[in-house]
Amino acid sequence: MRWGLLLAGLLLTAQSHAEQNWQQIKDEAKGQTVWFNAWGGDTAINQYLDWVSGEMKTHYAVNLKIVRLADAADAVKRIQTEAAAGRKTGGSVDLLWVNGENFRTLKEAGLLQTQWAETLPNWRYVDTQKPVREDFSIPTDGAESPWGGAQLTFIADSNVTPQSPQSPQALLAFAQAHPGTVSYPRPPDFTGTAFLEQLLISLTDSPHALTVAPDATTFARVTAPLWRYLDALHPALWREGKDFPPSPARMDALLNSGTLRLSLTFNPAHAQQKVASGELPKSSYSFGFSEGMIGNVHFVTIPANALASAGAKLVANFLLSPDAQLRKADPTVWGDPSVLDAKKLPAAQQAALEARMPDGLPAVLPEPHAAWVNALEQEWLRRYGSR
């Protein structure tokens, strides 16, 4: 009995301490200006972040400034430059939407704050069955807070393509049967590189090799099936594989015009969103390979030299709130999958979140180690980039 009372007392003390710490963070954050560097290449995302900015101002007295990036690597270079110049405080980036490759670069250089993500009050709603504690096989160590899910997804028009290819081999046969109507974004576009990773996972004889950084002595052997496949696929592609769409947005436009039969996205709700906005036909649908498609969680991180660290944590916590996650998951707003466990929410919010989860998607396959991104891009450019 005494041990039970002691344990209960310790838990209450820990909870009280955590609440006190969070109140201090909220007090410190008031009036701060938070510079949030985020990819700015999508209107729906930009509008959503503008809404977040308004909510932070209204409810928390935080001035959230969105720095819209063409490439998050630009912010990474700024953080690296500031560190090299000895700028240990007062950095220009307070919060960064980061991908796995850039996270690895910053974490290995010791340029991120760690052990804060799971102290956020709204972490209690997070679905910890999702890969929220690692990013491209790199442990996050509390240096990143999740705020959305993603999975590589094909889009087609059921009026044109009633039956979708369910494997790489079926995709090759489909492209050859309909020459000039299939393509993928040109690497190093993120989605184009993800397509290469997807094919590599599906085709390689050495899948275990993808869980660690590529080995220069075995890279050629591990990737050989991928290059054989692409050599066969490219002649059947749009413009005979001598040119590639620069982005998924361009692929959407080519699908909408009837030039392409397929588009690619890293958001499984993207088709719903674009149908709702009138940018894709109402008969558009999403699909993936039957054995699964690669997916991940996207995160925000706080540089070690952030000026408005408290405000950045407040924003990260708000991004995990049920209200913010529900709005983000709405395909008429953005359609970005939630990282919350619906079962941890109150009944009404649970039902609403479950209703916004896309149906019929394949299993999520883990992405290769982050170091494969650059290795695959460089080899792809060497083989096909100058055509």
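Mentor: Start with exposure: buried means under 20% relative accessible area, exposed means over 50%, and partly exposed lies in between, using a 1.4 Å probe and protein chains only. This is a predicted model, in which local features need pLDDT of at least 70, side-chain atom pairs count only at pLDDT 80 or more, and totals for chains, interfaces and linings use all residues. Residues are numbered from 1 along each chain as its sequence is written, and side-chain values use heavy atoms, with hydrogens and water left out.

Trainee: Why does Asp-141 count as partly exposed?

Mentor: Asp-141 has 38% relative accessibility. That value falls between 20% and 50%, so the middle class applies. Lys-107 is also partly exposed, at 24%.

Trainee: What makes Lys-107 and Asp-141 a salt bridge?

Mentor: The rule asks for a side-chain nitrogen of Lys or Arg within 4 Å of a carboxyl oxygen of Asp or Glu. In Lys-107 and Asp-141, the closest N and O atoms are 2.9 Å apart. The pair therefore qualifies. By this rule the structure has 11 salt bridges.

Trainee: Which parts of the chain does the pair of Lys-107 and Asp-141 link?

Mentor: Distant ones, 34 residues apart. Lys-107 sits in helix α4 (residues 100-108), and Asp-141 in the loop between β5 (138-139) and β6. Helices (H or I, at least four residues) and strands (E, at least two) are DSSP runs, numbered from the N terminus.

Trainee: How far apart along helix α13 are Arg-383 and Glu-379?

Mentor: Four residues, about one helical turn, within α13 (residues 371-384). An α-helix has 3.6 residues a turn, so residues three or four places apart point the same way. Arg-383 and Glu-379 form a salt bridge, with closest N and O atoms 2.8 Å apart. Arg-383 is partly exposed at 31%, whereas Glu-379 is buried at 14%.

Trainee: Are Asp-336 and Lys-328 buried or exposed?

Mentor: Both are buried. Their side chains meet in a salt bridge of 2.7 Å, N to O.

Trainee: Why is there no salt bridge at Asp-252?

Mentor: Lys-274 is the nearest side chain of opposite charge, and it is 5.4 Å away. Lys-274 belongs to a salt-bridge network with Asp-42 and Glu-279.

Trainee: What joins the side chains of Asp-252 and His-270?

Mentor: A polar contact of 2.6 Å. The term means a pair of N or O atoms within 3.5 Å; within protein, one must be able to donate a hydrogen and the other to accept it, and residues adjacent in sequence count only if both atoms are side-chain atoms.

Trainee: Where is Gln-32?

Mentor: In the loop between α1 (2-29) and β1 (33-39). Gln-32 is buried, at 16%. A polar atom of its side chain lies 2.8 Å from the backbone nitrogen of Gly-311.

Trainee: What makes helix α10 mostly covered?

Mentor: Its count: 11 of its 11 residues are buried. Among them are Gly-311, Lys-313 and Asn-317.

Trainee: How do you know that Ala-324 is buried?

Mentor: Its relative accessible area is 0%. Ala-324 lies in helix α11. Its C-alpha is 9.3 Å from that of Tyr-48, 276 residues apart along the chain. In α11 (residues 322-329) is also Ala-329, buried at 2%.

Trainee: How many cavities of 30 Å³ or more does a search of the whole structure find?

Mentor: One. On a 1 Å grid over the protein atoms alone, a cavity is a set of points where a 1.4 Å probe fits but cannot get out; a pocket is an open set with protein on both sides within 12 Å along at least five of seven lines; lining residues have an atom within 4 Å of a point. The largest cavity has a volume of about 50 Å³. Its lining includes Phe-154, Ser-183 and Leu-264.

Trainee: What is the volume of the second largest pocket?

Mentor: About 470 Å³. Of its 23 lining residues, Lys-130, Gly-149, Pro-337, Ser-338 and Val-364 are the closest to the centre. Strands β6 (144-151) and β10 (293-301) each supply at least two lining residues.

Terms used:
Grid points are joined across faces, edges and corners, and a volume is the space filled by probe spheres set on the points. Lys and Arg count as positive and Asp and Glu as negative; His and the chain ends are not counted.
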